[in-house]
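Hi,

Here is the structure I promised to pass on. Have a look at it first, and then read my notes below.

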Amino acid sequence: MTAHDPYDPKEFYDNLVKHKLVLPGTTPGIFGRGAEFEKVLLGFNNLVSRIASDDSAELMLFPPCVDRKLIEKVGYMKSFPHLAGTVFSFCGHDAQHRDLLGRIQDGKPWADLLEMSDISLTPAVCYPVYGNLTGTLPEKGRLVDLTGWVYRHEPSPEPTRMVSFRMREFVRAADADTVIEWRNTWKERGLQLLLELGLPAKLDTASDAFFGRGGKMLAANQRDQQLKFEVLVPVISAENPTAVCSFNYHQDHFGKTFDIKAANGEVAQTACMAFGLERMTMAMFKTHGFVTAQWPESVKKLLWP
Ligand code: AMP
Ligand code: ZN
């Protein structure tokens, strides 16, 4: 007999469903969120707002889709072609429409009846921001506050790996020293916040899932230069804890691409930090149990003051 795995992903998912936290879907990575799940997710997002309230970030809101040209411009197809979601739509006339319906009825492929549109699904909530920062930044740079849905084509039976999920994100654009200092402050703050919520969180250097053989080098470089950090919490594995929060230092990538200058005249540097809101919420249910009424008082007070 094998020992019971306290982090079994299937058991975790089944429990989320049993407690109506997750409303099961029919395709991997897509499911609904129940009322209690949303109560925790929004409670956490509001807590982040309170913690960041003195930072005077500018709020921006974007839809979960972008101009496809933006995805091309930021180099997403170079680094993550396997994760991109490009929208294809039907633009035909009556005859093609009849063909389309016939094929759907017969269960036959119909992809060739679609045309590529100018639209991509948003893979990271910060991408639409940079084009709004073009020009010379004010003395202290800029700080943007975002919440939004993203799409990543990584369907998986793991409950913590969705194809569509929400991020709460902050973007900082300024000179290098200011950006690095901001990133370091949030690194501490993010970890502290999760520890206060009772999560067994740890900070570690990380890398992105760059595509292909060249991608391995990009990932190694990202780690060597400590450009990405993650806060990890065990949710579906003790050995491979789940990233619930990320800190990315882009150096001058977006500054160059979008012609953003710091007040000192140099190309601006940027960094962003993002909480994966669904993953944060799942980490809370994993750690404190599936019934919020039974959670520690200190945690409930933080989420719902
Ligand atoms: P990234 O831009 O890859 O650093 O992602 C930002 C945050 O989004 C991560 O720290 C995770 O919490 C969350 N995240 C990333 N990928 C997924 C996914 N497939 N499903 C759910 N959350 C995710
Ligand atoms: Zn970002």
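How many residues of domain 1 are in contact with domain 2, and how many of domain 2 with domain 1? The contact takes in 14 residues of domain 1 and 7 residues of domain 2, where contact means heavy atoms within 4.5 Å.

Before the rest, some housekeeping. This is a predicted model, so local features need pLDDT of at least 70 and side-chain atom pairs count only at pLDDT 80 or more, while totals for chains, interfaces and linings use all residues. Residues are numbered from 1 along each chain as its sequence is written, chains are lettered from A and ligands numbered from 1 in the order written, and side-chain values use heavy atoms, with hydrogens and water left out.

Back to the domains: the assignment (automatic or from a database) gives 9-85 + 123-303 as domain 1 and 90-122 as domain 2. Their C-alpha centres are 34 Å apart. Together they bury about 920 Å², 51% of it on carbon and sulfur atoms; that is accessible area (1.4 Å probe) lost on putting the two parts together, summed over both. On the domain 1 side, Val-66, Arg-68 and Gly-85 supply 53% of the area buried against domain 2, more than any other three residues.

Now the ligand. Of the 14 residues around ligand 1 (a heavy atom within 4 Å), Arg-152, Glu-154, Met-162, Lys-228 and Ser-246 come nearest. The Arg-152 side chain has an N or O atom 2.7 Å from a ligand 1 oxygen. Backbone N or O atoms also approach ligand 1 oxygens, at 2.9 Å for Ala-243 and 3.4 Å for Cys-245; the cut-off for these polar contacts, pairs of N or O atoms, is 3.5 Å.

Cheers

Key:
A polar contact is a pair of N or O atoms within 3.5 Å; within protein, one must be able to donate a hydrogen and the other to accept it, and residues adjacent in sequence count only if both atoms are side-chain atoms.
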